[in-house]
Amino acid sequence: MSEKSSNPYDMDSSSFDSDRYLQKLLKECSLKQIMDTEAAIVRQTQTLHSDMQTLVYENYNKFISATDTIRKMKTDFKSMETEMNLLVSNMASITECSEKITDTLQETRTQLTRLSGKHQLLKKLQFLSSLPAKLKTLIEEGNYQQAVQEYSHAQKVLQQYGNQPSFQGIQEDCVKILDDLKRLLKQEFQKTGKTAQSLTEIGELLLQLDEKPSALAKEMLECATKRLHEQLVMLQDQTDRDMIEFIDLGIEGFLNDLTLVISSYNDMFLVKHIEQEVDDFEIIARMDLNEFVNRNIDEYLALVQDRAEVEIGHGDSQIILRGLDRLHRRLTAMKSLCKALDMNKSGIDIIINAAYYLCKSHMKSLKDHFSDNLSSIRLALVSAKSDTSSSSSNSTHSGLKELITNLYVSTMEKVKGLLQDLLIFLQSDWSFNLKTDPKGAACIESIRENLLVGFLRHISSTMNAFGSLNSSSPPTLLLILSKMCLEMDKSGVHVLISLVDELYDIDSENSTTLVHETELCSEMRDSAQHLLDSYVRLQGLNLSQMLRKSVETRDWLNCLEPRSVRAVMKRVVEELAAIDLVLGELYDTSELRTAASSDSSRKTHFSLTASKQSQYRSTWSTYTPSQMDSSFVSNIHRLFSEKIEIFSSVEFSKVSIITGIIKICLKTLLECVRLRTFSKYGLQQIQVDAHYLQMNLWRFVTDENLIHVLLDEILGSAVLRCLEPILMEPNAVEIICERN
């Protein structure tokens, strides 16, 4: 800025030098540039002249206006000066009059002051003389507070002049009246039915009458306890109200009174009157108050918890939680207001207990629902069995798949619904947060462990009970339940565990205390295996019972020459076909037979050519009676039988299940044959039955050799137990079996 103001070549500068500026233009600029500069300077000069004329015109108008204004002000000031002079004259007159009045009334003022003092003293004496009568009147009217106030006003005067004869009688009367008032107030204090507000007011009056604070403090807590107990009894009778109304009644009655007692106790005994007692009075009084508060809060919360347990599972969970949330808010506010108190319990404890109880209620609901589903399935199976004659087999078998689907879907949806219902405890609009509270976090984990995991294990244990040896469950039910456990293992457990972990934000993968999904899946698969093994055992025993009776009730020594297959063998094959049809609807049928011969249903098991064509064909039927070495054949049979496990676990496939049933049937038939003695025709009947079974059982198994070995052993045992071991010709056996 300083450089610009001292520049001689700047026209706007105060140090502008026109000659030097002109010399510079002539030296540095061309003629055209000089002429352009001249034209620009001319234009700027004209603009400045125009602006100056405008300013002069505007300022001239303003100057004229200012002149008119000043002229008017001059006139106004003249009239104002006249008025001010008049005011000064008036003030001087007023001052003079005031001084005259003051001088005249000086003596009278002194007399008035003296008379006023005497009047006040007479009023006090009159008040003291009428105090006993006034106190009696106020006490009779029940206006105890006004009576105490009246005595407090006169107490200092009585203490000062009470020894004088004129005041001694008044003081004695007042003391006697106040002793009666004390006794009356204590009686009122100890009466039942008094509100906390009344107790507080009476306590304040007793303290003003010099009652000992330590004794009054204990008495106040005792009386307040009686009053609060009455309110709890009243709350117990409010069974017709919902949870919100019940909590509101408790807040407006019990908790309000308790808060008032705490506040009054603090004001009366822990703040104002500590100096009137011994040093440890504050400690003792605070301990008594803590014990009083915790005892009453515990009783009230126990009542609320009992009511919550009654409502949970029957009432609306949203209403119950809204009521408990209001209680939690109020208890939290009480705790913040009474910071010196040590409250053992809070509203969050009730809410956590409510969550536990709701879990327990939901667990019972899940168990009842699952039990009802199982009962429905058993009823459906009984109805289906009675309607078998009038309905097609396909519809019956498809009904099993529908039963399994309904059981699985119904169970899954019920569990999901109850898990969603428990999410109400984690809503963000509540005043509490279970996730941030250690007890609440444990409660959330217990929803997973006690409800979901507990129910899954209940399913597993219930399934295992159906498959026990003492159970009388129908075989089809065992098959349905096994399939249900298998579905839970494949997908159900994973879906439910993933759902609960997602809904409640639980990291079960990295937890060392929570049950892992694989453990539950393993338990479900074990249950499915146990049920399936029980199904195989039960079906095998049912068929074995028919075979055993057919062997034990027949006279094998007096048999006629066989002309047909026994009916029991046909029945066994029909039952196996029906079982195969049921299993085909429920299990994978893609497994192929590994050693089936294409002509098994047509060629006899005992033909000479068959033994040469297949390594799995039996050779015992090709022996003539003279060639048969009983010891050798028996050893061969024993060698093969030791390799077959009759009661081993089956796989989850149709072929494996029905193979297990067939093994049990043939093993039973073998043991029954070993206990009987046969004639020639009895042996031949066993031969015909065995060939019939061979013709029909091969299609149910993956390995024909298993059937052949067991049938060989059956016929070999019959040969050993036969008195005349002569077998029927293979062609005759084949003709009889094909005819049947």
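The dialogue below goes from the whole chain to single residues.

Tutor: Please keep in mind that this is a predicted model, in which local features need pLDDT of at least 70 and side-chain atom pairs count only at pLDDT 80 or more, while totals for chains, interfaces and linings use all residues. Residues are numbered from 1 along each chain as its sequence is written, and side-chain values use heavy atoms, with hydrogens and water left out.

Student: How many helices and strands does the protein chain have?
Tutor: Helices (H or I, at least four residues) and strands (E, at least two) are DSSP runs, numbered from the N terminus. The protein chain here has 22 helices and zero strands.

Student: What percentage of the residues is buried?
Tutor: Buried means under 20% relative accessible area, exposed over 50%, and partly exposed in between, with a 1.4 Å probe and protein chains only. Of the 740 residues in the protein chain, 41% are buried.

Student: Which residues touch the most other members of the largest nonpolar core?
Tutor: In soluble globular proteins, nonpolar side chains tend to be buried together. A nonpolar core is a set of buried Ala, Val, Leu, Ile, Met, Phe, Trp, Tyr and Cys residues joined through side-chain atoms within 4.5 Å. The largest one holds 161 residues, and in it Tyr300 and Phe425 touch the most other members. If we leave aside neighbours within four places in sequence, Phe425 has contacts (heavy atoms within 4.5 Å) with residues including Leu321, Ile351, Trp430 and Phe432.

Student: How many aromatic pairs are there?
Tutor: A pair of aromatic rings is described by the distance of the centres and the angle of the planes. Rings of Phe, Tyr and Trp (its six-membered ring) pair if their centres lie within 6.5 Å, and planes under 30 degrees apart count as stacked, over 60 as edge-to-face and the rest as tilted. By this rule there are four aromatic pairs. In one of them, Phe254 and Tyr300 have ring centres 4.9 Å apart and planes at 15°, so this pair is stacked. Phe254 belongs to helix α8 (residues 243-272) and Tyr300 to helix α9 (residues 281-311), so the pair ties together parts that are 46 residues apart in sequence. Phe254 counts as buried at 0% relative accessibility, and Tyr300 counts as buried at 0% too.

Student: Which pair is edge-to-face?
Tutor: Phe370 and Phe455 have ring centres 6.2 Å apart and planes at 90°, so that pair is edge-to-face. Phe370 lies in helix α11 (residues 347-386) and Phe455 in helix α13 (residues 438-466), so parts that are 85 residues apart in sequence are tied together.

Student: At what angle do α7 and α9 pack?
Tutor: Axes are lines fitted to C-alpha atoms, for helices over the stretch in contact, and angles run from 0 to 180 degrees between N-to-C directions. Helix α7 (residues 213-236) packs with α9 at an angle of about 5°, and their axes are 11 Å apart. Angles under 35 degrees count as roughly parallel, over 145 as roughly antiparallel, 65 to 115 as roughly perpendicular and the rest as oblique, and α7 is therefore roughly parallel to α9. Among the residues in contact are Leu221 and Leu228 of α7, and Phe292 and Tyr300 of α9.

Student: Is Asp505 buried or exposed?
Tutor: Asp505 is exposed, with a relative accessible area of 61%. Asp505 lies in the loop between α14 (475-503) and α15 (517-552), and has a positive phi of about 55° although it is not a glycine.
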